[in-house]
Amino acid sequence: MSDMTTETSQQDKQERRDSLWRALQDVVDPEIPAVSVVEMGMVNRVDVDDDGRVMVEILPTFSGCPALDVIGQHVRERIAREPGVASVDVRFVFDPIWSTDRITAEGKEKLKGFGIAPATLARGKPLPMLQREPVACPFCGSTRTAMDNLFGPTPCRSLYRCLDCRNPFERFKAL
Ligand SMILES: [Zn+2]
């Protein structure tokens, strides 16, 4: 194989990846339908092999589990419509952890139109609209509880700790 061929195939691959990124512009977070998953900074990596097998890495935001399922499904459906795609593998990865720093400038503009001032987007903090009501402790009913680990043992569950009776408890993330 000459260097020329290798270069051309590398370029083809880059173009294919670019067009897959453009396709992902059509996929939105159902909680924030104004902004695409690309603008939200949720797409970590897109790769395609010579057989048309596509792998998309998504960084979950602070959306609940049902939203993640919907996003995964929409990513699969949208990518499957692209020419030459044989299969789509969507992976939710937690490294790096998604934060508001990843939102693109366009994304921030659109969020502003959606009623969220970019100034209120604190570094590494959940979007204000995604912050939930206080969670009541299942043991003593106190609402003085703290989230220990954002993602918990699985992406769908969070670990909390009661600040009054000190009991730890798990909670399924809700939309
Ligand atoms: Zn308690």
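In what order do the elements of the protein chain run from the N terminus on?

**Figure 1. The elements of the protein chain.** They run α-β-β-β-β-α-β-α-β-β-β. That order holds three helices and eight strands. Helices (H or I, at least four residues) and strands (E, at least two) are DSSP runs, numbered from the N terminus. This is a predicted model: local features need pLDDT of at least 70, side-chain atom pairs count only at pLDDT 80 or more, and totals for chains, interfaces and linings use all residues. Residues are numbered from 1 along each chain as its sequence is written.

Figure 2. A residue is buried if 20 or more other C-beta atoms lie within 10 Å of its own, exposed if 12 or fewer, and partly exposed in between; C-beta atoms are placed from the backbone. Two residues are in contact if their C-beta atoms, placed from the backbone, lie within 7 Å.

**Figure 3. Arginine 166 in its loop.** The loop lies between strand S7 (157-162) and strand S8 (168-172). Arginine 166 counts as exposed because it has 10 C-beta neighbours inside 10 Å. Its C-alpha atom is 9.5 Å from that of cysteine 137, 29 residues away along the chain.

**Figure 4. Asparagine 167, in the loop between S7 and S8.** Asparagine 167 is partly exposed, because 14 other C-beta atoms lie within 10 Å. Leaving aside neighbours within four places in sequence, asparagine 167 contacts Cys137, Phe139 and Cys162. Proline 138 is 29 residues from asparagine 167 in sequence, yet 9.1 Å away in space, C-alpha to C-alpha.
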